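Let me put the structure up, and then I'll talk you through the chains, the contact between them and a few side-chain pairs.

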Amino acid sequence: MKRHSKCEQLLLAVIVSAQLVVGAPQFVWAQSSGDDINEQIRRAESDGRSDGRPDGSREGNDRGLDEGRADGYHEGRRIGFETCEREERQRAYDDGYREGVDSGQSDGDREGRRRGDSEGRANGLAEGESDGIDRARTAARRDSFEPGSAQGRREADASDALAAGRAAGLHQGDIDAAAEALRVEYPRGRKEYAEGRWAERVDNQDTMQLHEPGTDTSSAGNVFSNVMRRQGIVGNFFRSASPDYRYSNPRRSYNEGRVQNAYNSAYRSAYQDGFSSTYSYEYNNGYRYSYDNGHNEGCYDARRRNYSNDEERGRREGYQSAYDTSYRYAYDRAYRPAYDTAFRDASDRAYRSHYDGFYTRYFEEARAAAYTERYNALFQSTYRPAYAEKYAQMYPVYAKQQYDRGVADEAEDFRLRPIRLLEGSVVTETIHNGLYEPGEALRVKFKIRNFAATALSGSDARLKLTSADSSGAVISEGEVTLPKSIQPRSITEVTEALEFRMSEKDADKAASFNFNTFYQGRAVGSKLLTITTKFMTRIRWAEDPKLQEGMLSPLFVMVSNQSQVKLGTGGTLTMRSDPKILEIEKETMPLSPLSVNGTEILQYHAIVRSAGANPRIPFGMEVLTAKGRRIGLIDETRAVPILNDYRVQVVSSNAESALRTKGLARLTYRIRNVSSRAFAKGLQMKIRFKNNPDGSHLVIGPNPQYLAPLQKDQSADFVVPISVVKGGASGIMELEVFEDGKLVVIHQLKF
Amino acid sequence: MKNIKWLQFALLALALGACGAIPGAYRGNYQGSNGTILKLSGTKGRLTTKSEIINSKVRPLAFEALSLGEPGIYVQPNPVNNKLLDIFWLRPKMNTRQEAGGMVWYTSEVYYSLFDANQKIKLDKIQLVYSDEGTVMLDVPTGTWQVGWPASPRNVTFTRLKK
């Protein structure tokens, strides 16, 4: 450890000595050298500024004055021209305007006076005459009213109004008494008599049943039928300019790169400053000097122009303005006196010439009106008392006569029609489930009353039922007489009378019937019977049907019990269609027992064989009970959407016959993409034959064939050659279309 | 005879121009997800696989060329949308050629895609469907043709190579 310390001490001494001898002077040199460079840079920058600024000023001096003069002259000339032109135009206009005013005033005054006098006179004449006529009419009506009215009243007083009024009153009183008695008393007599009869005691109650009560019967019918502003230069002549360095001369050179750069940079900056300050000053001086010259020249130029158009415009406008003012003033002054004079004279003339005529006319009007008024008053003064006197005198007489006649007529009616149909006639079922079903035998229940004191023959009482609308009802027993005698003073309830059936086309519709009763050919009561026909079950689509060509698609049908009784076991739902269009996998499905209001959804599977987008497909569905009675039916044809992404059709016209003829059959198919695709996919088409056990048909060439992807609405035709080995053979040829392996269409061709 | 050949050549050139060949936005160099390198220019294409380099010219799709089994990049405007071009790169295997019932068919390698003729911006990626078992089928009596392939072809994504 001590040996090391000595060694270290020795080494340290050597280093320190070396520093004292060599190292220290080197460090001082480096420091001294850095200061020198910075100083050199500072000096170079100062020199650059000293050299650059006068050079830049020289360029500014050269360019500023010239460019300022040019700009100032052009702008001054423009402004000068515009200002003076505006002044000259206004002066010309004013001169013209003054001239126009002078002539306009004179012409307007003259013309205004002339026309005012003329029109005043004409208007005064016309309006004066009208005024005179109006005054004559008013005065004549006023003057004639009283004398005319007095004469009318006198004439009425001298007339036969009093006697005529009395005679008319007596006559009308007699007529009205008779009519009122007929209107009131006759029906009262009949009504009170009938009430007496209806209030009589019923001695017998009886019933008649015309048929045995109904039992379940099958309905008949066939299911499957059918969207700069101009920049003002005023006060600011500065124009932004940049030096083009035409006098740039950075003339000093330095060995050290950094120093040279500092000089160059300072020179360029100073050049720019020198240019800018000198340029602005000189530009401003040049601009001001030349602006005034330009302004004077522009103005001089403007003043030499011809402004006769403005002078003419002023003249025209001054003339029109003065003319209008003078005309209106002169017109008004001339019009009024002329009008007044003419009006007054014309009015007086008209008054005089029309007064007498009006007087005569209004006198007669007043006379006639007063006569009528007075005559009516006198007439009524005697009419009313005479009317009341006669009515009171005769009404009791007529009343008794009419009442007695009413009683007698009603008694005779009861004699002739001793039986009457009572309220409460109804249609009754033979299948008692609360519904009038198609095909069900329906009958009528009603009551009749016999008012006679003796028994009446049933054969004299006839019942009749007729259809009151265009329903498809079949009335199997529409007319019948009662089978037995009707007991005296009795009420008889008749049941199971007559018989009719509603058809299947009447399901869910209302139908009306007239039910009439007769006794010895005379009507004794009628009733309008209305019923609504319903099947026991309701069949509807649980989902709107959608199909895929060649593909098995589900169809959902809902059956509900809408009767008042439970639907028993053994019921079935059968769906049928045109097998050429729709193949239903299993047509008849068992139905579960359905409680009242119970519902069941059944799923069918079917394959559509059609090339159209929305083919119209006939559907027939019926619900049968275990005994075979039809209790539900749908028979409709509806457009069903076909949801395949591709449509296939055979375009060869004779495909079927070619497939039955021995030899080569070339069938051309057309396939069309009817659905959009995010990713186009290739197609594979495979042909196969059904019912071809003996190999009568062989596909020639590749099977499957392939097609590149089709875009939406794109179609492609392709040919399938078939070798028909055995002529006359029938069968089914199926084309299966796959889209990258997924089956999308099966097209079937039967031959 | 010489004039007829010149006329055919002129018609072919006109047809190529009408098809517009390979649209500009699709031209360039690509690397496929299967390792192949694809180079498309306006009138030519080159496909470089591990084992071979396939050069093909762009030509309009025509019955005659297909019937001769000429390999190539066949282009035709799509029948329902002329802004789209159906592109078929075919390498027929003429040893598989057969004919019967008026039909001629053979197996071919097929690259297929649908190009947008109005595409302006260069695409970073293009996708092609590839099948080694495609079929070219020609109906001689009607002069019609069809190209397709079996189900489940390979989808190859080509990514544009940066310079």
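So, chain A to begin with: it has 5 helices and 26 strands, where helices (H or I, at least four residues) and strands (E, at least two) are DSSP runs, numbered from the N terminus. Before I go on, this is a predicted model, so local features need pLDDT of at least 70 and side-chain atom pairs count only at pLDDT 80 or more, while totals for chains, interfaces and linings use all residues. On bookkeeping, residues are numbered from 1 along each chain as its sequence is written, chains are lettered from A and ligands numbered from 1 in the order in which they are written, and side-chain values use heavy atoms, with hydrogens and water left out.

Back to chain A. Of its 751 residues, 40% count as buried; buried here is under 20% relative accessible area, exposed is over 50%, and partly exposed is in between, with a 1.4 Å probe and protein chains only. Its accessible surface is about 41,200 Å², and carbon and sulfur atoms hold 50% of that. Those areas come from the Shrake-Rupley method with a 1.4 Å probe, and for residues only the protein chains shown count as cover.

Now chain B. Here we have 2 helices and 10 strands, and from the N terminus the order goes α-β-β-β-β-α-β-β-β-β-β-β. Chain B has 163 residues, 42% of them buried, and an accessible surface of about 8,800 Å², 55% of it on carbon and sulfur atoms. Looking at contacts in chain B with a separation of 6 or more, 54% are between residues 24 or more positions apart; a contact means heavy atoms within 4.5 Å.

How many residues does each chain bring to the contact? Chain B gives 26 and chain A gives 23. For chain B and chain A that's about 1,800 Å² buried between them, with 64% on carbon and sulfur atoms. To be clear, buried area is the accessible area (1.4 Å probe) that two parts lose on being put together, summed over both.

The partners are B:Asp139 and A:Arg666, and their closest N and O atoms are 2.7 Å apart. On chain B, the elements giving two or more residues to the side that touches chain A are β6 (84-100), β7 (103-116), β8 (125-139) and β9 (144-148). By class, that side of chain B has 16 nonpolar, 8 polar and 2 charged residues. In that scheme Ala, Val, Leu, Ile, Met, Phe, Trp, Tyr, Cys and Pro are nonpolar, Asp, Glu, Lys and Arg are charged, and the others, Gly among them, are polar.

Over all chains the count is 84. One of them joins A:Arg629 to A:Glu437, at 3.3 Å from N to O. A:Arg629 sits in the loop between β17 (616-624) and β18 (630-639) of chain A and A:Glu437 in the loop between β3 (426-428) and β4 (442-450), so this pair ties together parts 192 residues apart in sequence. Buried or exposed? A:Arg629 is buried at 7% relative accessible area, and A:Glu437 is buried at 1%.

That β3 to β4 loop of chain A also holds A:Thr430, which is buried at 3% relative accessibility. A polar atom of the A:Thr430 side chain lies 2.6 Å from the backbone oxygen of A:Ala441.

Then there's A:Arg135 with A:Asp348, a salt bridge at 3.5 Å, N to O. A:Arg135 is partly exposed at 34%, and A:Asp348 is partly exposed at 34%.

In chain B, B:Glu52 and B:Arg91 pair up at 3.0 Å, N to O. B:Glu52 is in the loop between β3 (44-48) and β4 (53-60) of chain B and B:Arg91 is in strand β6, 39 residues apart. That's me done, so over to you.

Notes
A salt bridge is a side-chain nitrogen of Lys or Arg within 4 Å of a carboxyl oxygen of Asp or Glu. A polar contact is a pair of N or O atoms within 3.5 Å; within protein, one must be able to donate a hydrogen and the other to accept it, and residues adjacent in sequence count only if both atoms are side-chain atoms.
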